[in-house]
Amino acid sequence: MGCAMPWTCATILPDQLEAPLTFLANLDRPRAEMLRAKFAQQMPEVAVAIADEPYDKATVRYMLTWQVPSDIKTAYPNLEVIFSLGAGADQFVMSDVPDGVPVVRLIDDGLTSMMQEYVTMAILALHRDLQGYLDNQRNQKWERVSVPPLPRDRRVGVMGLGELGRGALRALAPFGFSLSGWARSAHQIEGVETFHGEDALPRFLAQTDILVCLLPLTSATRGILNSNLFEQLPDDAALVHVGRGQQLDHAALTKALDSGKLRAAVIDVTAPEPLPEGHPFWDDPRIILTPHIACITRLETSLPGIFDNLKRHQMGQPLQGVVDKTLGY
């Protein structure tokens, strides 16, 4: 019986069974050595090559990497699966990935939990005007910044309804905020008003007091957080940016803050990273800035998903977390 999708079936041929089966750990040595030790315990039939050691590239069937090696199309003739060292793969240039080789994102419930924690922290900080109180503290001022509305009167909208976006909405639900979400395709989420497609984006933005960006980076989302988008938000809105740095127009954010269109922002991702010395975000009291820590990949908690996918591949079963190469997630 044939395979409807080539990456759902093992491609190991009978004359390859005696050849070494290698998993390349293309990452820093401490994590690569941990990976090797775990494989020795769980899947000893698979040898783990570490990128800064000599190894035979022709034996590599699987690869864990943040970005693809420049010689991937010519030097890895037996490569069958690429594991992205992240929750998505929009950092890859997909045209560099060999045809027929699937890219699989890390599957780790811990990533969703970390994002839930961060978004909840950011929303509550903006809801209670924490940025204003931090500024008062720096200036030794003991005074009230504002009286926040009740949560039911604060409208929180999430752009991007993948696993992280849906997880953030689940975490926010118990606080009683009015929740909405927008994505390019239709979604149904209990307790959340959902919008989809370009035509619905203005309506979504117009009723969002705190906007959370959790979009993947694509050609359509690059630079999406710009002056045009900010102008469609209600006056005195706020922003939580935890998507990708290239989605935010820094000058547009500063302009929106200066004009009063936005009152505050929590920013975890920027382009470039780190921000250069003297960048206005460093000293802007309306911005709470963190160094890309909303989600931190913990390889050790992703290993069960990697092992499961390897066994699925060897048994000819569908892989979990295959990335749409046109979208990067």
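A salt bridge links the side chains of R166 and E163, with an N to O distance of 3.3 Å; the term denotes a side-chain nitrogen of Lys or Arg within 4 Å of a carboxyl oxygen of Asp or Glu. The model is predicted, so that local features need pLDDT of at least 70 and side-chain atom pairs count only at pLDDT 80 or more, whereas totals for chains, interfaces and linings use all residues. Residues are numbered from 1 along each chain as its sequence is written, and side-chain values use heavy atoms, with hydrogens and water left out.

Both R166 and E163 belong to helix α5 (residues 163-172), where 3 residues, about one turn of the helix, separate them. Helices (H or I, at least four residues) and strands (E, at least two) are DSSP runs numbered from the N terminus. R166 is partly exposed at 28% relative accessibility, as is E163 at 35%; here buried means under 20% relative accessible area, exposed over 50%, and partly exposed in between (1.4 Å probe, protein chains only). Elsewhere, salt bridges with shared partners connect R29, E33, R36, D52 and E53 in one network. Within it, the closest N and O atoms of R29 and E33 are 2.7 Å apart. These two residues are separated by about one helical turn because they lie 4 residues apart in helix α1 (residues 29-42). R29 is partly exposed, with a relative accessible area of 28%, and E33 is partly exposed at 40%.

In helix α4, R138 and D135 are 3 residues apart, about one turn of the helix. Their salt bridge has its closest N and O atoms 3.6 Å apart. R138 is exposed, with a relative accessible area of 55%, whereas D135 is partly exposed at 24%. The structure holds 17 salt bridges. Side chains of opposite charge can pair when their charged atoms come close.

Helix α4 (residues 130-138) also contains L130, which is partly exposed at 38% relative accessibility. Together with Y133, L134 and V145, L130 forms a nonpolar surface patch of about 290 Å² accessible area. Patches consist of residues with over 30% relative accessible area and no salt bridge, like charges being joined within 9 Å and nonpolar side chains (Val, Leu, Ile, Met, Phe, Trp, Tyr) within 5 Å. Accessible areas come from the Shrake-Rupley method with a 1.4 Å probe, and for residues only the protein chains shown count as cover.

T221 lies in the loop between β9 (210-213) and α7 (227-231) and is buried, at 2% relative accessibility. Its side chain reaches the backbone nitrogen of T218 at 2.8 Å. Apart from residues up to four places away in sequence, T221 touches R184, L215, P216 and Q247, a contact being heavy atoms within 4.5 Å.

For C213, the nearest cysteine sulfur is that of C295, 14 Å away. C213 is buried, with a relative accessible area of 0%, while C295 is partly exposed at 22%.

Overall, the protein comprises 10 helices and 12 strands, and its C-alpha trace spans about 75 × 40 × 35 Å along the principal axes. Of the 329 residues, 49% are buried. The accessible surface comes to about 16200 Å², with 53% belonging to carbon and sulfur atoms.

Key. A disulfide is a pair of cysteine sulfur atoms within 2.5 Å. A polar contact is a pair of N or O atoms within 3.5 Å; within protein, one must be able to donate a hydrogen and the other to accept it, and residues adjacent in sequence count only if both atoms are side-chain atoms.
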